[in-house]
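Q: I have a structure open and want to learn how to read it. Can we go feature by feature?

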Amino acid sequence: MGKDTILTRRQIEGMISEGRAIIIVDCMVLRLDSWLSYHPGGERAILHMVGKDATDEVNALHGAETRLQMNKFQIGRLDADWINFLPPLHGGKFRPYVEGSNDDSLSDGESLQNDQFPLEVSRSPSPTSSSCSEDRGFLLDPSIRRRRGGSYGESSASSITSVSDEDGNPLSSESAREIAVDLAKYPSLDRDTQKRIIQKYRELDQKIRQEGLYQCRYSSYLIELCRYLILLFTSLILLHLGWYKLSAAFMGAFWHQITFTAHDAGHMGITHDFTIDTCIGIFIADFCGGLSLGWWKLSHNVHHIVTNEPEHDPDIEHLPFFAVSHLFFNNLFSTYYKRVLPYDAVAKIFVPLQNWLYYPILCFGRFNLYRLSWEYLLFGLGPKKGIAWWHRWLEISGMFVFWYWFGYQVLYKSVPTNWDRFAFVMISHIITMPLHVQITLSHFAMSTADLGVHESFPQKMLRTTMDVDCPQWLDFFHGGLQFQAIHHLFPRIPRHNLRKTQKLVIEFCKEVNVPYAIYGFVDGNREVIGHLKEIGRQARALSECHAAIIQEGKFGSH
């Protein structure tokens with residue numbers, strides 16, 4: 001089978017039915033079975049794209065050199081537009097291929113996807129279709145959300161108990177309602193509409209490249225380095241003077257700020273060289289911060305591909321403390337953690353109160369990152385082969401260096417009493433809490449509805465991600481995380497160029513009628529708290545319903 005062999009859809013389906021990892025990139029059919037254990041981003045990032053056209057996802061997350069290397073995995077090509085399958089990891093079913101068979105009927109997985117909702121629906125006016133004549137009418141700010149009825153917690157229509165489907169399952173009804181809201185708000189999922197969005201997105205990418213926005217301004221990182229050193233040395237000087245609590249605050253601020261550059265390096269957004277940026281990221285994350293860059297990359301790559309999908313995106317899987325979707329009430333199976341996320345007795349306590357507990361729990365977020373980092377490194381969850389095989393050992397070395405300089409030299413040798421040590425740890429870690437707010441702010445209030453495999457990559461990223469509007473002088477505080485929608489469209493653009501890129505993305509959104517969600521920092525927090533409150537209310541309603549059924553059963557038995 002040569003690279004120029006024309007492969008039919010049924011042939012490809014048959015290969016996938018045999019367990020082969022087949023993806024489509026630029027009309028090339030790639031078989032990646034042998035690459036799964038070598039992929040620096042982890043095998044799950046690939047498995048989420050099996051049976052799909054992954055062109056935009058691959059181009060967004062990989063450099064030109066990596067894309068060229070993919071050619072050696074080519075086993076054929078297409079001669080027609082590709083229609084995505086539902087990946088096996090998502091429950092797609094595939095039929096074996098019989099040579100000479102001309103059966104072009106839909107597989108069970110495709111039928112399930114196509115029956116989930118019609119591609120053409122009765123569409124209520126959306127912010128895009130009704131407001132594009134206004135300069136900022138397509139922006140999803142809180143006032144537009146309220147006018148259009150897309151905000152949570154404002155009417156009984158959002159109640160988990162206010163609607164029911166044919167089976168009387170309120171959770172299924174809520175899923176259907178969320179899908180209907182998104183179908184009304186965003187462009188149609190028909191092939192021509194999504195194809196146009198993809199075409200305009202790729203034209204936008206070329207324009208961004210022509211304007212040099214993929215090129216890093218190293219002078220900006222020199223300023224960042226000066227800020228980091230000022231925070232670190234201020235902390236150490238205050239530590240020497242015995243001002244332990246103030247020293248801890250500056251140490252936390254140091255960790256908060258360096259994380260942004262580790263994020264840039266993890267996306268190869270600094271030098272665009274895999275090895276150099278990885279070493280920069282490991283030095284910052286592991287040696288300076290005690291966190292694993294490899295764990296973050298494994299999790300984050302999946303997050304960028306299946307953003308805000310409750311079953312698949314680890315960045316929104318936070319039971320028993322938080323649930324951003326009613327789907328978590330169903331003991332959801334996580335394809336990332338490869339286990340059920342139990343909606344247990346602990347979750348039933350925390351989730352109904354999550355809007356009140358959001359900020360207090362995030363104060364302890366860094367401790368959870370330590371746990372996840374050590375779990376990743378000790379159990380060897382990262383690549384064991386290929387160009388990234390040595391990362392684990394460098395990271396473990398970095399962890400020991402971190403705990404030597406921070407745990408031994410700073411905490412044990414420089415802070416005199418156990419109480420002061422405890423206070424130092426708590427203050428330095430709580431100071432990093434805004435980082436966890438910034439990370440969750442971009443997604444917690446956005447859609448978690450599954451619109452199926454026919455939705456284009458750019459539309460999905462804009463539907464599930466919000467930006468934060470802030471003055472330019474505050475960019476250092478947000479570290480690029482205020483442009484998460486832009487970043488999800490173009491993950492490898494250096495963060496100091498994201499503000500310029502935003503203007504081009506806004507023009508793109510106007511042209512293709514895809515709403516661009518942007519809120520002020522305060523309004524964005526209100527959206528998140530409001531969404532958590534609504535999900536918590538749904539959790540309470542479900543618990544009360546279960547209790548009533550049990551009570552009725554007890555009385556009914558007498």
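Q: Which kind of contact joins the side chains of R31 and D33?
A: They meet in a salt bridge, 3.4 Å from N to O. The term means a side-chain nitrogen of Lys or Arg within 4 Å of a carboxyl oxygen of Asp or Glu. Before going on, note that this is a predicted model: local features need pLDDT of at least 70, side-chain atom pairs count only at pLDDT 80 or more, and totals for chains, interfaces and linings use all residues. Residues are numbered from 1 along each chain as its sequence is written, and side-chain values use heavy atoms, with hydrogens and water left out.

Q: Are R31 and D33 buried or partly exposed?
A: Start with the cut-offs. Buried means under 20% relative accessible area, exposed means over 50%, and partly exposed lies in between (1.4 Å probe, protein chains only). R31 has 33%, so R31 is partly exposed. D33 is partly exposed too, at 26%.

Q: How many salt bridges are there by this rule?
A: The count is 22. Some link up: E224, R227, D264 and R495 form a network of salt bridges.

Q: Which parts does the salt bridge of D182 and R463 tie together?
A: First the pair: their side chains meet at 2.8 Å, N to O. D182 lies in helix α8 (residues 170–185) and R463 in helix α20 (residues 457–464), so the bridge ties together parts 281 residues apart in sequence. Helices here are DSSP runs of H or I with at least four residues, strands are runs of E with at least two, and both are numbered from the N terminus. D182 and R463 are both buried.

Q: Where do E534 and R537 sit in their helix?
A: The general idea comes first. An α-helix has 3.6 residues a turn, so residues three or four places apart point the same way. Now the case: E534 and R537 are three residues apart in helix α24 (residues 521–556), about one helical turn. They form a salt bridge, with the closest N and O atoms 2.8 Å apart. E534 is buried at 3% relative accessible area. R537 is partly exposed at 28%.

Q: What span does helix α16 reach, and what is expected?
A: The expected span is 1.5 Å times one less than the number of residues. Helix α16 (residues 365–378) has 14 residues and reaches 20 Å from its first C-alpha to its last, close to the expected 20 Å. After α16 comes G380, with a positive phi near 60 degrees.

Q: Which residues of α16 are buried?
A: They are G365, R366, L369, Y370, L372, S373, Y376 and L377. Their cover includes α11, α13 (293–305), α15 (354–362), α17 (391–414), α18 (418–430) and α19.

Q: At what angle do α11 and α19 pack?
A: Axes are lines fitted to C-alpha atoms, for helices over the stretch in contact, and angles run from 0 to 180 degrees between N-to-C directions. Helix α11 (residues 244–266) and helix α19 (residues 433–441) pack at about 35 degrees, with axes 8 Å apart. Contact means heavy atoms within 4.5 Å. H256, T259 and F260 of α11 meet P434, L435 and Q438 of α19.

Q: What does S299 touch beyond its neighbours in sequence?
A: S299 lies in helix α13. Leaving aside neighbours within four places in sequence, S299 is in contact with P314, D315 and Y336. S299 is buried, at 6% relative accessible area.

Q: In what order do the strands of the sheet run?
A: Strands of a sheet pair through backbone hydrogen bonds, either parallel or antiparallel. Two strands count as paired if DSSP finds at least two bridges between them. Here three strands form an open sheet in the order β1-β2-β3, with antiparallel pairing. The edge strands are β1 (22–25) and β3 (74–77), each pairing on one side only. Neighbouring strands are turned by 30 degrees against each other on average, direction ignored.

Q: How many bridges join β1 to β2?
A: Four bridges join them. I23 stands opposite L30 in β2. The two strands form a hairpin with two residues between them, and D26 in the turn has a positive phi of about 50 degrees. On the other pairing, β2 (residues 28–31) joins β3 over three bridges. There, L30 has Q74 of β3 as its bridge partner.

Q: Which way do the side chains of β1 point?
A: I22 and I24 point one way, I23 and V25 the other way, and all are buried.
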